Amino acid sequence: MDTRLKSFSRSNWTKLASFLLIVAMVAGMSGIFVYWYFSGINPEVLLTGDYKESEAYGSDLRSIAYGVARILEGEQETVPGGISFYGKNEENTLSWPSNLTEKHFIEGEGEYFYLEEGRFKNSETGETIFPYGSEASYEKAYFSFDDGYMQLKQKEWTSDREVMIPLMVWLVIILLGLVALLVYQFIVTGKKAGDEEVHTAPFDRIYLELLIAGLALMGLLWFSGLSSLLYSGDIGFNGNGGMSSRQTLGIYMVAALTAFVTAGVGVTLLSVARRIKAKKIIESSFIFGGLRRGVQKGRSFMDGSRFDRASLTGVLHQRQIYFVAGSLLLVLLTFLMLIVATPLAIIPPIMEGFLIYWYFKYNRETFDEIEKGFNESLEEQMKSERMKINLVTNVSHDLKTPLTSIISYVDLLSREEDMSPLARDYVRILSEKSERLKNIVSDLFDLARSTSGDIDTDFEDLDLKKLVEQTLVDMEDSIEASGFQIRTDLPERSVNIHSDGKKLYRVIQNLIDNALKYSLKGTRVYVELVEEKGKAILGIKNTAGYEMNFSKDEILQRFFRGDQSRSGDGSGLGLSIAESFTRVSGGEFDLQVDGDQFKVIVKFPVDR
Amino acid sequence: MEKPRILVVDDDREIAAAIEKLLLLEDFLVIRAYDGMEALDLLMGEEIHLIIMDVMMPRLDGLSATMKIREERNIPIIVLSAKSQDSDKILGLSMGADDYVTKPFNPQELVARVRSQLRRYMQLGDLGNARQESGLRVGSLYLDEESRELLVDGENIRLTPTEYGIIQLLMRNPGVVFSAEQIYEKVWKEEAYSVENTVMVHIRRIREKIEINPKEPKYLKVVWGIGYKIEKLQQK
């Protein structure tokens, strides 16, 4: 029941119908008022049915008394219609009609008015109705209304009353209905059948000040419309006792104008009502809400909440801009104040003080946050680095242990005597491959450790030239076995660098191995060392035995092999290890591919 | 002579078994243990001439066990480990190990190292400490300057006069690094000029004669980019 009532009372159609009804009612009321205005009827007819009881009669009486007084004093000659009067002083008597005597009034049955102590008084009540004036020259004066005149007045009064009473009854009915509908409208506005929330319309976001201005504008429109439509010259019924067509048009025009204005005002007031209900009336005001938002915005510039989505350094940067711009503005303001109103010039510096305080305060907070984030990421990085190293160590152990068994048992197997030649061949292959696997695992972990930085380094002052010579002699066997010749171009004097000799030995060994492995038959490998601009530059150059259709980056990738076939006995990590070891030993590693020429360049700063 | 008794300690039973078989083929007696505690217990009751000790083991790890054994005994200990960094090796040796072999190891090399350690221990033994030596000793190397003989684990090594000169110079100054020029001037007694290759070639030859694994020399070391030295080993 309740829900059904709500769904009816809160439906948009009901609201619209009631709103239109309100507009119609107000328009109707305006029409009634205009009708009354044009009729020129004294509203007093509503209060009393007896003309003599009315205030209008009192007012008529006073103006008649004034007229009589003026006639008696000789200041006015025309006699107002519907009265008789008599006046006497020492010199003459004056009366209307001219043959009237004092007796007409005193002995007559009707009410009359007489002069006593300078005042006109009512013969029946003795009340003063008009002060004649102390300068009165007449000793005696009387006047009264003609019976016919009074009857006419009463008749007019009654007929006016007959017009006005139904109008007023309608007015009251409309008014009561209007109040009821208005209460209904203000209760249901913003509510929907489904819930008890207050729903605001898009219109409700318009600033309150604009609404007020709109109301004022509509009020102005209404008043100006009224003042041009309600021409006072039109007052009065026409000869038939009704309204002229001009007056009727006026009534409709006013009603239409009122309907229009009422609709506008109604919509506006309902919006205000919704705002109040939704407790948004302050926010919707430009001055209060806007001011509050402005303050919040200004604050957000400083404390950084405005830049929540920006990076912390972005916040710093932006705040800096606002600080500088704000300060500049205040400086300008100071000058302006100095010119315009000198004592007020103290205000901008004080504001600047606050600005500086805020600037430092919130900057400090941002810095703290940056530091926190920095430390966190550093810790995170260290943690992941530690985990990587642990992983390498653990995997290393887990790979090496089974490999140890494999190698050991293959060795034991190879000692078995009663094996077929085929089985012996298989064991040989197993032995070779397990040896290669051992090398790969070893290289892999050297590489992993050197790239993760978890590798022992032993820096000494050493001679790179000597190191190259030692390495070449150390590798004599494999160089001879490869059949390639090494051409060296080394400087006369020593090339002193600060590095890790053991790592560098591995670097050069790997590079020479690489050159021997992939060179074209019959070509030579060139090893040259020069000192240039404070750098020791070691170049190892060879002619590739295959087409080098790969990029510099590709070749340094782990396990990349130039010839693409994965046979051979290398781990494929030689160059990567050489690169990584060069870096941990404090050098630079670069390689160049020019046609079939492959060149690796290792640079170290020369010790002086 | 009694067969040498070797204690193999490794928590990986297959590796322990493989080492046992390997050593049995070489005519050694082998006892197995699977952790450091067990090794210490066995050592109390059995006569052991050499220990092969894994590092990462449950209950008591190899390095701690080595330290405990060293407090009382002087038997040779070869440490086996998957850790191959120099710092790991140095740590192992400073804990009292006589040799450090990284996994995966070459079986023949392990056997050679076992033989080397045993020869030294059996020859000199605990008693050997009493014998006076007139020559130079570095680990298993012994240079008798009177007879101009180099003994490695008691075995006579044939050297050329130049090689002898080099090894004598280095063994007289263990741990000291000599450059090729210094070695040349002292051994050849000539002014050195572009002698790196010459000296390095001799060094290689000596290494091949005295080292079990010339690629990973224990005694004669190349200090890359600087020179050469004989490692100064702890005297036991």
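Q: How many residues of chain A and of chain B are in contact with each other?

A: Two residues count as in contact if their C-beta atoms, placed from the backbone, lie within 7 Å. In this predicted model, 30 residues of chain A are in contact with 28 residues of chain B. A word on the ground rules: local features need pLDDT of at least 70 and side-chain atom pairs count only at pLDDT 80 or more, while totals for chains, interfaces and linings use all residues. Residues are numbered from 1 along each chain as its sequence is written, with chains lettered from A and ligands numbered from 1 in the order in which they are written.

Q: Which elements of chain A supply at least two residues each to the side that touches chain B?

A: Helices (H or I, at least four residues) and strands (E, at least two) are DSSP runs, numbered from the N terminus. Here the suppliers are helices H10 (347–414), H11 (421–452), H12 (464–474) and H14 (501–518), plus strand E7 (459–463), of chain A. H10(A) gives the most, with 12 residues. By class, this side of chain A has 10 nonpolar, 9 polar and 11 charged residues; Ala, Val, Leu, Ile, Met, Phe, Trp, Tyr, Cys and Pro count as nonpolar, Asp, Glu, Lys and Arg as charged, and the others, Gly among them, as polar.

Q: And from the other chain, what does Ile15(B) touch?

A: Leaving out residues up to four places away in sequence, Ile15(B) touches Thr404(A), Ser405(A), Ser408(A) and Asp10(B). You'll find Ile15(B) in helix H1 (residues 13–25) of chain B. A residue is buried if 20 or more other C-beta atoms lie within 10 Å of its own, exposed if 12 or fewer, and partly exposed in between, with C-beta atoms placed from the backbone. Ile15(B) counts as buried because it has 23 C-beta neighbours inside 10 Å.

Q: At what angle do H14(A) and H16(A) pack?

A: Two packed helices are described by the angle between their axes and the distance between the axes. Axes are lines fitted to C-alpha atoms, for helices over the stretch in contact, and angles run from 0 to 180 degrees between N-to-C directions. H14(A) and helix H16 (residues 574–584) of chain A pack at about 150°, with axes 9 Å apart. That makes H14(A) roughly antiparallel to H16(A) (under 35 degrees is roughly parallel, over 145 roughly antiparallel, 65 to 115 roughly perpendicular and the rest oblique). Their contact has 7 nonpolar, 4 polar and 3 charged residues.

Q: How many residues of H16(A) are buried?

A: 9 of the 11 residues of H16(A) are buried, so this helix is largely enclosed by the rest of the structure. Among them are Leu575(A), Ile577(A) and Phe581(A). The buried residues pack against H11, H14, helix H15 (552–556), strand E12 (588–594) and strand E13 (597–605) of chain A. After H16(A) comes Gly586(A), whose phi is positive, near 90°.

Q: In which sense does E10(A) pair with E11(A)?

A: Two strands pair if DSSP finds at least two bridges between them. Strand E10 (residues 524–532) and strand E11 (residues 535–543) of chain A pair in the antiparallel sense over 7 bridges, with Glu531(A) opposite Ala536(A). Their hairpin has 2 residues between the strands, and Lys533(A) takes a positive phi near 50°. With strand E8 (residues 485–489) of chain A, E10(A) pairs in the parallel sense over 5 bridges; there Ile486(A) stands opposite Val525(A).
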